[in-house]
Amino acid sequence: MEISLNPAEPRNWHGSVLILGVFERDLVEQIKTLELQYQKYLLERLKENNFKGKPGEVSSSHLLGDYSHKLILIGLGNPENLLLDDLRKATAIGIRESIGSKGKLGIALPWDLFNPESVVKAVGEAIQLSLFKDLRFQSKPERNTHPENFELLGISKISEKTLKEIPSICAGVELARELVGAPANSLTPTALAEKALLIANEYGLDSKILEKEDCLKREMGAYLAVAQGSDLKPKFIHLIYRPEGPIKRRLAIVGKGLTFDSGGYNLKVGAAQIEMMKFDMGGSAAVIGAARAIGELRPLNIEVHFIIAACENMINGSAIHPGDIIQASNGKTIEINNTDAEGRLTLADALVYACEQEPDAIVDLATLTGACVIALGEEIAGLWTDNNELAESLILAANNCGEGLWRMPLKSSYREGLKSMLADIKNTGPRAGGAITAGLFLKEFVNDSIPWAHIDIAGTVWSDKDRGIDPAGATGYGVRTLVNWVCSQSED
Ligand code: BES
Ligand code: MG
Ligand code: ZN
């Protein structure tokens, strides 16, 4: 797949598919110029099909003549209401409509309504990401034909850098989607660690895998407690991106890496959708996807640590019992009143380890709570942090790439709900405010002096239906926000 710019106006362009964004208000005028160029009666046909140019409407027609063979019109509504994200969605709709065609595709959108660099990045990402299809698990993969060359028409003055970043970022998202989409019998903690090592080798990252014995030496009792119920070995993954030249800031990104979450003895039942819990490593997938992109983009001045405590939450004779008391590597004792709140146990030791790297900021991503899904749904992840600057920079990074992120309160009085009669803390509080107490639990394992943010991606990791630039399935949520955020930190 190749995405390039072509200053040609759509009307002078030759290729197999032409996608045009059209506004509702001056639809008739726009179509009349198209009729002169391409095809008579287009307007009549659009009227018949009730196409008005409203956001998300699509109309495709086969053309005769020597211009494009297929014309796809996408409604954009009216310019004053248009958001950058609408252009992502419009692109995705047009691109999906082009499936089945071959050759060169041209796309013309109102590039100048926003900063053209941002539009090119948004549209470029939308093109590549909306075509993603995971065929790895089919014995006879059914490949769709689709255009291979994409030309953004009527635009030329964009920095080479912007255009070059698109495939790296998208490859990071695709990697995350593949990791999340892989079932638990294929993506084990060992397979995740092997993939991380491959990425490290390919993109020039330092790497370290801590085995169970190493974790025992570090007294990671919380992480190992979760892992002990599985026949599979835990793998603690640490990749490091080191830039060429001086280092001005050091960051740590931590991802929840449960390759399967059965719930443990508090087994998931009823509406809990146990069969979906292969996606419980979505945080770690975003971290590895971001590591791949960052290793390729090589931002200056910034060192980044990628940290994952990978394991499974299963049931066997050695699994933790509900009520067990264990000790994390910062010395805190935890009463496990619910074995299904396992992610925070693994993250506890991963966050202590992250603090030991003495970074300037830590961000963790985790499919942590069903409560977050209830609060924010499938298109918005929750953000918890006490640090306003960190919150702003993460929200800006997410907004710029169209990933939903909403700041939630880290209400300290709710810490009360985690009080244990016996140990320093319990791993779950009351049902109400469950995503908040989860964040407060994590906070216990982070040094107060290090800015830290927690992102709950339980809702955004997976999409049941095609949605904008995310085809149904694993979304790869978080990669683009993380890459944007890291790159924004490197520019300071
Ligand atoms: N992995 C789940 C969270 C989850 C639930 C993600 C639904 C995506 C969809 C997590 O380990 C979990 O089980 N959390 C419990 C916590 C509870 C026991 C306090 C939950 O949210 O039900
Ligand atoms: Mg769980
Ligand atoms: Zn979980």
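User: Quick one to start: are lysine 256 and aspartate 280 buried or exposed?
Analyst: Lysine 256 is buried, and aspartate 280 is buried as well, where buried means under 20% relative accessible area, exposed over 50% and partly exposed in between, with a 1.4 Å probe and protein chains only. This is a predicted model, in which local features need pLDDT of at least 70 and side-chain atom pairs count only at pLDDT 80 or more, while totals for chains, interfaces and linings use all residues. Residues are numbered from 1 along each chain as its sequence is written, chains are lettered from A and ligands numbered from 1 in the order in which they are written, and side-chain values use heavy atoms, leaving out hydrogens and water.

User: Okay, and which residues coordinate the zinc ion (ligand 3)?
Analyst: The zinc ion (ligand 3) is coordinated by Lys256 (NZ), Asp261 (OD), Asp280 (OD) and Glu342 (OE), at 1.9 to 2.4 Å. Donors here are N, O and S atoms within 2.8 Å of the metal (3.2 Å for Na, K and Ca), and sites may look incomplete because water is not among the atoms. Along the sequence, the zinc donor residues follow the spacing K-x4-D-x18-D-x61-E.

User: What about the magnesium ion (ligand 2), which residues hold that?
Analyst: Asp261 (OD), Asp340 (O), Asp340 (OD) and Glu342 (OE) coordinate the magnesium ion (ligand 2), at 2.0 to 2.2 Å. Aspartate 261 bridges this magnesium ion and the zinc ion (ligand 3), and the two ions lie 3.2 Å apart.

User: New topic: how far is the lysine 256 side chain from ligand 1?
Analyst: A polar side-chain atom of lysine 256 lies 3.2 Å from an oxygen atom of ligand 1, and an N or O atom in the aspartate 261 side chain is 2.9 Å from an oxygen atom of ligand 1. Aspartate 280 places a polar side-chain atom 2.8 Å from a nitrogen atom of ligand 1.

User: And how much of ligand 1 does the protein bury?
Analyst: Taken alone, ligand 1 exposes 510 Å², and the protein buries 78% of that, with areas from the Shrake-Rupley method and a 1.4 Å probe.

Methods:
A polar contact is a pair of N or O atoms within 3.5 Å; within protein, one must be able to donate a hydrogen and the other to accept it, and residues adjacent in sequence count only if both atoms are side-chain atoms.
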